[in-house]
Amino acid sequence: MHAAQSVDLDVTGMTCAACQANVQRALARVPGVTDASVNLMLGTAKVTLESAGTTADALVAAVESIGYGASLTAPEVSAVAALERRDDAQVEEFRSLRLRAGVSLACGALAMVLSMPLMGGDLHRAHQGGGDPFMQWVMVRLTPALRAVFPRLYDVPPDLLRAALLGLTLIVVGWAGRQFYTAGVKALIHRAPDMNSLVAVGTGAALLYSLVATVAPELFTAAGVPADVYYEAVVFIIALVLGGRALEAGARRRTAGALRALAALQPTSARVVRGDREDEVPLEQVRPGDVVLVRPGERVPVDGVLLEGSAVVDESLVTGESIPVSRSPGDPVIGGTTNSAGAFRFRATAVGPDSVLARIVRLMRDAQTSRAPIQHLADRVSAVFVPSVMGLAVLTAVVWLLVSGEGGLVRALAAGVSVLIIACPCAMGLAVPTAVMVATGRGADVGVLIKGGDALQRSGEVTTVVLDKTGTLTEGQPEVVEVWCGPDQIADVVLRVAAAVERQSEHPLGAAIVRAARERGLPTSAATAFVSEPGLGAAAVVDGRRVSIGNEAWLHREGVPTAMLGPVVSRMRAAGQTAVLIAIDTVAVGVCAIADRLRPTSTAAVAALRAAGLEVVMLSGDARVTAEAIARAAGIGRVVAEVLPQDKLDEVKRLQAAGAVVAMVGDGVNDAPALAQADVGMAVATGSDVAVDAADVVLMRPDLMGVVRAIALSRHTMRTMRQNLFWAFAYNVIGIPVAAGVLYPAFGVLLSPVLASAAMAVSSVFVIANSLRLRRAPL
């Protein structure tokens with residue numbers, strides 16, 4: 001591997017931020033790895049390699065060496081297939097966790113009932129604070145009721161009850177909670193403790209204590225310590241942690257709802273026309289060039305160009321545009337969209353991974369596996385969190401043993417286990433990725449594709465929005481509105497020779513001149529010796545005469561005097577029209593006035609950007625008078641006119657040097673360098689592929705309101721991320737000391753391990769639920 005390349009891995013066994021940090025560190029230590037990004041939500045890792053000696057096997061071995069599973073991501077026919085495979089795995093994970101949590105909760109309830117007679121013999125000790133605080137509360141309040149409902153239960157010998165509790169607990173530990181112990185112990189062995197390690201050590205300590213109290217109670221009574229058992233606490237802790245993980249799994253799946261909705265758009269088959277037959281074939285068998293038939297109400301199976309018929313197509317789930325669009329022969333159709341009315345045939349142009357739908361899904365999937373810069377703080381804390389918590393738990397137990405009198409061992413055990421169980425690195429690991437996943441899905445709903453967490457975060461920091469004029473602020477379909485001719489010239493002749501030159505060009509203004517000549521039915525002429533200069537003009541030989549067409553600077557270079565055209569050019573530019581000067585054999589003969597209408601939403605979008613406190617700048621290659629007229633119509637106060645394509649990059653750099661955080665919005669090939677240079681590049685998807693590839697944000701429809709939505713979404717998301725991180729850190733900063741017993745001297749409050757496990761589960765669910773609110777964010 002001589003050139004840098006990316007390797008994708010599927011990673012199994014990760015359950016918290018500590019797991020994510022462990023895997024990321026292990027991958028980063030492999031020689032030749034320049035970057036490693038691990039996603040806890042999706043169970044994936046993206047690794048960038050530069051060394052020719054580094055193999056994918058070395059990456060897999062590095063992950064496995066610290067106790068996790070890893071494999072190369074299986075190659076898929078398309079990104080849609082990859083998404084479906086991952087979704088199936090998430091459904092299976094959720095069902096498994098839900099079953100184990102449900103059974104464990106039922107066992108926990110049974111264990112609590114069986115424990116009541118063991119504690120009910122000494123209500124005075126319960127009131128004085130012996131045993132698990134939560135169970136004290138339950139015992140004092142429920143013992144009379146349980147005696148009435150299960151009177152014979154209190155006649156069962158205590159040894160038999162303890163044996164029954166032990167058997168029930170071992171079933172839960174060995175089946176429902178097995179993963180905590182296998183993964184947690186493995187992580188400890190590899191010196192990379194994680195959330196599983198905390199649960200395993202905490203419940204394991206309580207189980208071992210209870211086991212000794214069951215088989216050798218005399219050891220405790222001889223020391224003056226009650227031989228209490230904590231089986232019900234072990235079962236409830238496992239049940240509540242599993243319940244929390246089941247809720248997390250369900251919520252994580254909901255965060256990818258937008259992706260699943262997109263994947264579901266793709267039909268499984270297509271009706272291909274072959275000769276006189278219409279064959280229903282699997283989608284995988286459709287090839288570019290096939291003619292496909294679509295009837296009313298059906299989904300378009302693949303991308304293509306309409307050949308026969310007409311249609312009204314609903315593209316809302318792909319572009320975010322709620323109003324169906326009309327399609328006629330020659331128009332493109334997008335796979336996954338719905339044909340609302342009309343039957344038509346089209347020629348397939350892109351299938352499988354090359355289709356628009358597959359590219360959107362792939363782009364969103366890559367965005368959701370990326371990391372926002374704000375995540376780095378959580379990563380640094382997660383790297384040392386679990387070892388620190390384990391140290392605090394040991395310290396807590398030692399302090400309680402030293403300062404407590406009677407029942408000190410019981411309190412030390414309860415406090416130490418509570419510290420281990422309440423600590424929640426999961427919330428820190430989920431705080432940012434969940435928000436990124438939901439936000440990218442929400443963006444797709446409104447036709448805004450954000451390529452990653454970095455772009456998502458930077459979009460909210462933008463202070464200046466730079467808009468390219470043609471095709472971005474305007475419709476990009478310029479039209480010739482006037483052909484002015486000099487003395488003794490004929491408009492059709494001037495337009496015909498100008499069109500002959502512009503047929504060799506790809507400039508949109510040239511296309512407008514060619515289109516105007518065609519609409520007038522003018523004959524075509526061949527052009528030879530064609531030359532052009534981007535941003536200036538073009539020239540060629542037509543009918544034996546040299547024809548030059550462009551702006552004043554170009555004609556001056558061609559040796560053509562333009563003074564006589566000055567008043568005409570000024571009039572056109574004052575009206576917001578682009579003046580294209582035409583000369584034949586060094587004589588100025590005419591001017592074409594070309595107008596490009598503002599998009600219907602441009603003025604409203606500019607007003608919304610300014611209302612959001614952003615500076616709006618328009619870049620244009622037009623003369624200053626023309627550019628300023630268009631800017632006034634759009635409500636833009638700052639204009640940079642007469643810029644050549646290469647000058648756009650310099651203008652972005654100049655704004656950045658002045659301290660601005662710049663978002664560049666464009667659609668053409670000549671916008672790509674500026675899009676790449678900007679802090680956030682935003683490209684209109686209807687523009688060139690080069691511009692789309694260079695951009696950080698893709699607007700799926702030509703509507704500048706997408707820029708407004710992207711920035712608003714970023715600001716909502718960053719606010720949510722900060723809320724999540726605050727909750728994750730505040731929860732642990734407050735919860736761990738409370739679990740350790742800092743409130744006990746003043747208030748007599750000692751947190752139960754059972755309640756600690758419930759709090760831990762709630763903390764993760766809170767973070768995910770808060771992120772899911774982004775699905776309803778007003779944009």
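## Helix α28 and its end

A helix here is a DSSP run of H or I of at least four residues, numbered from the N terminus. The model is predicted.

Helix α28 covers residues 705-740. Its 36 residues, at 1.5 Å a residue, should span 52 Å. The end C-alpha atoms of α28 are 52 Å apart, so the span agrees with expectation. Just after α28 comes G741, with a positive phi of about 105°.

## Helices α16 and α30

Helix α16 holds residues 425-445, and helix α30 holds residues 753-772. Their axes come within 9 Å and cross at roughly 15°. Angles under 35 degrees count as roughly parallel, so α16 is roughly parallel to α30. The crossing of α16 past α30 is right-handed.

From α16, the contact takes in C426, A427, L430, A431, T434, A435 and V438. From α30, the residues they meet are S763, S764, V767, I768, S771 and L772. By class, the residues of this contact are nine nonpolar, four polar and no charged.

An α-helix has 3.6 residues a turn, so residues three or four places apart point the same way.

## The seven-stranded sheet

Seven strands form an open sheet with mixed pairing. The order is β14-β26-β25-β24-β15-β22-β23. At the edges stand β14 (448-450) and β23 (638-640). Each has a single partner strand, so one side of each is left without a neighbour in the sheet. From one strand to the next, the twist averages 20°.

Strands β15 (residues 464-468) and β22 (residues 615-619) run parallel and are joined by five bridges. L467 has M618 in β22 as its bridge partner.

Technical notes. Residues numbered from 1 in each chain as written. Predicted model: local features only at pLDDT ≥ 70, side-chain atom pairs only at ≥ 80, totals over all residues. Heavy atoms only, no water. Axes fitted to C-alpha atoms, helices over the stretch in contact; angles between N-to-C directions. Helix = DSSP H or I, 4+ residues; strand = E, 2+ residues; numbered from the N terminus. Parallel < 35°, antiparallel > 145°, perpendicular 65-115°, else oblique. Left-handed = near helix turned anticlockwise from the far one by under 90°. Contact = heavy atoms within 4.5 Å. Nonpolar A, V, L, I, M, F, W, Y, C, P; charged D, E, K, R; others polar. Expected span 1.5 Å × (residues − 1). Pairing = 2+ DSSP bridges.
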